[in-house]
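Welcome! Take a moment to look over the sequence and the 3D view, and then read on for a guided tour.

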Amino acid sequence: MGTGKRGLIATAVTVIGAVAVLAAPGTAFAAPSPTPTPSPTSSPTTVTNKDIEAVRKRLDALYHDAAVATDAYNAAEEKAEQQSAQIVALAKKIVKGQERLKQLKARAGAAAAAQYRSNGLPDEAQLMLSDNPQEFLDATGRVLQGQRATKALIAELTRTQQDLKQYAEDASAQWTKLEAGRKAKAAAKKKVEQQIAAAEQLESQLEEREKARLAELEEEAAHKAQSAWLDSGILDEIDGKASDAGKIAVQFATTQIGKPYEWGAEGPDSYDCSGLTSQAWASAGKPIPRTSQEQWKQLQHVDIKDMRPGDLIIYFDDASHVAMYLGEGAIVHAPRPGRTVTLAGAGSMPILGVVRPDA
């Protein structure tokens, strides 16, 4: 390959910028092919393993950033759904309150009309004009009841008007939050698309044999991480059994193997990482937060040695990826754009911690 080709790849890598190196979330069960040793007579224009490794690291970083943005998008979408539901509920309360206020005003109008028909005299005056002792006693009770009813009517009118005002203010506040959430969602969507486009552009610079070597390097990195994790002896300590709900969640997740990754997707035809885990546990009757970051924040943490099939393993320091533990050191997850739901080694990525949806 000529200097122009190599320079194009080097330029593409440089333009992306220096970023943190993250372990690739690839399958990590089979031992990788050995890295070929460059020939001393290789042309200086040949794209080396070092060049491809640099591309791998840049791709990992780009897809990691896309995962972070996807989590932000999913969180904004979830909040928007909640806020929309609250606005609808408030609107129903406002309609109901307006109907009640109309009824109360009608009652107040009827009372005023009745007073008008009695020559405009208040009940107390009508009572004093009575010269029949029995009528006087009967009327006394009616006057007291009328006074209490009038006070209650006025109090309910006031309370209903106050409630309507509060409902309107709450609805306005929720609408403001909804608009802010829509902007955050749009910004996150743009970030996801930019990161994925940059990664795809970088990959497009590679020839087929270079893409094949890139896949090998990804597998090698995952295998190396998984081997180090297993060599720690961790599996000797992990012997938890899946709960009944966990078995259902595992069954759901593994049934999705082979379906494509799609950011923001919750099935049934495609998933992102937290879309897969949240839907798996929803199928088991245990709704959990939509995003990997909220799953990490809200679900009960358990020690790695205590994890059992169905538990969720959260990856990277920013909780930007999640997978479901299957047992025997394996996970099922939706890795990244361009990949499908697949099996991998639980230690093939940096583990932040483990959470249990059905603690």
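What follows is a short report on the chain as a whole, its aromatic pairs and a few spots in its backbone.

**The chain as a whole**

Please keep in mind that this is a predicted model. The chain has eight helices and six strands. Starting from the N terminus, the order of the elements is α-α-α-α-α-α-α-α-β-β-β-β-β-β. Of the 359 residues in the chain, 40% are buried. Among contacts with a separation of 6 or more, 73% are between residues 24 or more positions apart.

**Aromatic pairs**

A pair of aromatic rings is described by the distance of the centres and the angle of the planes. How many aromatic pairs does a search of the whole structure find? It finds two, and here they are:

| Pair | Distance of centres | Angle of planes |
|---|---|---|
| tyrosine 73 and tryptophan 263 | 4.9 Å | 80° |
| phenylalanine 252 and tyrosine 271 | 6.5 Å | 85° |

Tyrosine 73 and tryptophan 263 form an edge-to-face pair because their planes stand at 80°, and an angle over 60 degrees counts as edge-to-face. This pair links distant parts of the chain: tyrosine 73 sits in helix H2 (residues 49-117), while tryptophan 263 is in the loop between helix H6 (244-255) and helix H7 (273-283), 190 residues apart. Tyrosine 73 is buried, with 13% relative accessibility.

The rings of phenylalanine 252 and tyrosine 271 are edge-to-face too, with planes at 85°. Phenylalanine 252 belongs to helix H6 and tyrosine 271 to the loop between H6 and H7, so this pair ties together parts 19 residues apart in sequence. Phenylalanine 252 is partly exposed at 23% relative accessible area, whereas tyrosine 271 is buried at 2% relative accessibility.

One further ring has a charged neighbour: arginine 182 lies over the face of tryptophan 175, 5.3 Å from the ring centre.

**Spots in the backbone**

Most residues other than glycine have a negative phi, and most peptide bonds are trans. Against that background, a few places deserve a look.

The peptide bond between glycine 267 and proline 268 is cis, with omega at about 0°. Proline 268 is in the loop between H6 and H7.

Phenylalanine 316 has a positive phi of about 70°. Phenylalanine 316 lies in the loop between strand S2 (312-315) and strand S3 (321-327), and is buried at 11% relative accessibility.

Glutamate 328 also has a positive phi, near 55°. Its place is the loop between S3 and strand S4 (330-333). Is glutamate 328 buried or exposed? At 74% relative accessibility, glutamate 328 is exposed.

Technical notes:
Residues numbered from 1 in each chain as written. Predicted model: local features only at pLDDT ≥ 70, side-chain atom pairs only at ≥ 80, totals over all residues. Heavy atoms only, no water. Phe/Tyr/Trp six-rings, centres within 6.5 Å; stacked < 30°, edge-to-face > 60°. Helix = DSSP H or I, 4+ residues; strand = E, 2+ residues; numbered from the N terminus. Buried < 20%, exposed > 50% of the residue type's maximum accessible area, 1.4 Å probe, protein only. Lys NZ or Arg CZ within 6 Å of the ring centre and 35° of its normal. Contact = heavy atoms within 4.5 Å.
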